[in-house]
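Biologist: I am new to this structure, and I would like to learn how to read its features one at a time. Could we begin with the whole and then move to the details?

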Amino acid sequence: MNIMKTLETKNGELLLGGASVSKLAKEYGTPLYLMDEEEIRANCLRYENAIRKYYRGEALVLYASKAFSCKAIYRTVRECGLGCDVVSGGELYTALAAGMEPERIFFHGNNKTETEIREALSAGVGRIVLDSAEELRTVDRVAAELGVRAAVSVRIKPGIDAHTHDFIATGKIDSKFGVALETGEAKAFIGEILQAKHTDLCGLHCHIGSQIFDTRPFVRAAEVMMAFMAELRESYGCTIGELNVGGGVGIRYLASHDPLTIEENVKNTALAVMEAAERFNYPLPRLCMEPGRSIVGDAGLTVYTVGSVKEIPGVRNYVSVDGGMTDNPRFALYEAAYEAVLPERPEAARDTVYTVAGRCCESGDILIRDIKLPKIRPGELLCVLSTGAYNYSMASNYNRVPRPPVVFIRNGAHRPVVRRETYADVMAKDLD
Ligand SMILES: Cc1ncc(COP(=O)(O)O)c(C=O)c1O
């Protein structure tokens, strides 16, 4: 079932980006993350081209590196003209090591440590996205100590819940991220920032959710944020020069999913910002977007080897693979849905229902519940599709399972960008 754009079946076998999945599994072993670098680049360019085409003001696309972070991805997105966002000192360290320009890095997080704030300000990141009054005090103090000015934006909860039917729930106030608009908290907080001695307010930010298939909540968020900027100008006399509308564009995990195209969403958001700017006679802000999943999600898959197949008559058929929640915790976390394919016989008739289980000592270690597949034999390869986002970056060493390697494929050629962990790697931090 072809739900990834660059996955194809040729001569009875599965190819990703022109390379044979089963040959790569033989060469690198399993479990194995494969990512089509060409598709990642194409997704970056879809954002770049659409924002240049539809937005008349300045724009910056930032790859949300929480989706998949390693040196190679920062280099790839940078080459495509993107900056990145980071949410920890570790991501910042990796992005800088990969050569990302500090001014193109935005630092997020609802509880950045003072050490991280110091690292970010010392590196000269483009923005620290403030999340609380407490954080403002720390940022302002550390900036004074370092003798620098802190360029900040503010994470706003615009009161839009993209996952409710009418997109105007108040539920989003109940979020650990940011400051709320409708309670007056955000406005008061911005008043405080404007008083801070070593901090410059450069922008506003919002992120309304993830895996969103509808363009309307994005448009609504852009309108609400622009109206808020106009209100702030009225109240404080400040013109804020940047609006960051976050990420959240969904991808196809199942054949039934019908995601927006990147271009559609960028276009609608850009038009909404331009219309609002005209309505409020507001100068066009620099428009920032922070896509993560829609850059890498549908460029990646994970290859496993099937171990045991257990048929429990009248109950369930379990097929266990040599990875699981350690390389993909998303089912265990929130019952995320995935599609699977047998790469050595992708077109075989699917006549048996299986639950694909991982190898960890945890009943919740499931990858896919109840999927129709061909009758599976132990020793076969099995691919879980669309695992490019929030898989490697969420992987763990639970049960001391070493993490799989990541291999980039580009036009049929392949190169490892993260090597397989060894037992020694897993034990490396243990002290005698
Ligand atoms: C602040 C922020 N920006 C961007 C993203 C990326 O979202 P997505 O991967 O859905 O595009 C997230 C995801 O959680 C986020 O919290």
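This is a predicted model: local features need pLDDT of at least 70, side-chain atom pairs count only at pLDDT 80 or more; totals for chains, interfaces and linings use all residues.

Biologist: How does the radius of gyration of the protein agree with that of a compact globule?

Modeller: For 432 residues a compact globule would have a radius of gyration near 22 Å, and the protein has 23 Å, which agrees.

Biologist: How should I read two packed helices?

Modeller: Two packed helices are described by the angle between their axes and by the distance between those axes. Here, helix H8 (residues 216–236) packs with helix H9 (residues 262–279) at an angle of about 25°, and their axes are 9 Å apart. Angles under 35 degrees count as roughly parallel, and H8 and H9 are therefore roughly parallel to each other. Their crossing is right-handed.

Biologist: Which residues in H8 and H9 meet?

Modeller: From H8 there are Phe218, Val219, Ala222, Glu223, Met226 and Ala227, which meet Asn265, Asn268, Thr269, Ala272, Val273, Ala276 and Ala277 in H9. By class, this contact of H8 with H9 has 9 nonpolar, 3 polar and 1 charged residues.

Biologist: How many residues surround the ligand, and which are the closest?

Modeller: The ligand is surrounded by 16 residues, of which the closest are Ala64, Ser210, Gly247, Gly292 and Arg293. The shell around the ligand divides into 5 nonpolar, 8 polar and 3 charged residues.

Methods:
Residues are numbered from 1 along each chain as its sequence is written. A residue is near a molecule or strand if its C-beta atom, placed from the backbone, lies within 6 Å of it. Ala, Val, Leu, Ile, Met, Phe, Trp, Tyr, Cys and Pro count as nonpolar, Asp, Glu, Lys and Arg as charged, and the others, Gly among them, as polar. Axes are lines fitted to C-alpha atoms, for helices over the stretch in contact, and angles run from 0 to 180 degrees between N-to-C directions. Helices (H or I, at least four residues) and strands (E, at least two) are DSSP runs, numbered from the N terminus. Angles under 35 degrees count as roughly parallel, over 145 as roughly antiparallel, 65 to 115 as roughly perpendicular and the rest as oblique. A crossing is left-handed if the near helix is turned anticlockwise from the far one by less than a right angle, and right-handed if clockwise. Two residues are in contact if their C-beta atoms, placed from the backbone, lie within 7 Å. The radius of gyration is taken over C-alpha atoms; the globule rule is 2.2 Å times the number of residues to the power 0.38.
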